[in-house]
Amino acid sequence: MTGNNNNNIARRRRESERYYIDGNTARRLNVQPEPQKKKKKQQVRQQEPEIRHEKRVSVFDLRYTLFLIISVGITLGTCFMYMRSNSELTRAERSVAALQSQLQDIQEQNNSLKESLNTTIDLEEVYQIATKRLGMVCANEEQVIYYNSSNSDYVRQYESIPGRR
């Protein structure tokens, strides 16, 4: 067993000479740098795509910038038109509210004038003047003609009313 332990200890020493432990990772102590030839070739290869990439980026930047400028312009135009139409709508709503208020005032005034006219006219006096002074008489049942009208607001007479025959 002691022989086994000595071998294990020696092996651990050799491993510890080749690696050092930092935290939970082990790294080699003697890292050999890569040959210079490969690095030069890689640098040449890396420079060519960078030049191509710069050309591609410059074209992309121009297109992207133009796209952004146009899209921002369209967005601002749309916002301006929305704000303008919204203000026109608000102005129209205020105008409608004012006109409705004015209409209501005029209707109230009209109703009050109609009531005052109805109270000032004495229908009995009108009947007396019509029958006694002017010689008018009331219509008989034969003289009254009834008809059905689809519009009950008012009547316009374009033709003579057909009589009973």
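A search of the whole structure finds zero disulfides, a disulfide being a pair of cysteine sulfur atoms within 2.5 Å.

The model is predicted: local features need a pLDDT of at least 70 and side-chain atom pairs count only at pLDDT 80 or more, while totals for chains, interfaces and linings use all residues. Residues are numbered from 1 along each chain as its sequence is written, and side-chain values use heavy atoms, with hydrogens and water left out. The mean pLDDT (the predictor's confidence in each residue, from 0 to 100) is 78 for the protein, and 61% of the residues score at least 70.

The protein contains three helices and two strands, which run α-β-β-α-α from the N terminus on. These elements are DSSP runs numbered from the N terminus, with helices (H or I) of at least four residues and strands (E) of at least two.

Of the 165 residues, 1% count as buried. The accessible surface of the protein comes to about 17000 Å², of which 54% belongs to carbon and sulfur atoms. Accessible areas come from the Shrake-Rupley method with a 1.4 Å probe; for residues, only the protein chains shown count as cover.

Ala-130, in helix α3, is buried, with a relative accessible area of 18%. Residues up to four places away in sequence not being counted, Ala-130 touches Gly-135 and Met-136, where contact means heavy atoms within 4.5 Å.

Helix α2 spans residues 36–120 and includes Leu-62. Leu-62 is exposed, with a relative accessible area of 54%. Together with Leu-66, Ile-69, Ile-70 and Ile-74, Leu-62 forms a nonpolar surface patch with about 520 Å² of accessible area. Patches are made of residues with over 30% relative accessible area and no salt bridge; like charges are joined within 9 Å, and nonpolar side chains (Val, Leu, Ile, Met, Phe, Trp, Tyr) within 5 Å.

The count of salt bridges comes to one, under the rule that a side-chain nitrogen of Lys or Arg lies within 4 Å of a carboxyl oxygen of Asp or Glu. Glu-88 and Arg-84 form a salt bridge, with their closest N and O atoms 3.5 Å apart. The two residues are separated by about one helical turn, because they lie four residues apart in helix α2. Glu-88 is partly exposed at 38% relative accessibility, and Arg-84 is partly exposed at 48%.

Notes. Buried means under 20% relative accessible area, exposed over 50%, partly exposed in between (1.4 Å probe, protein chains only).
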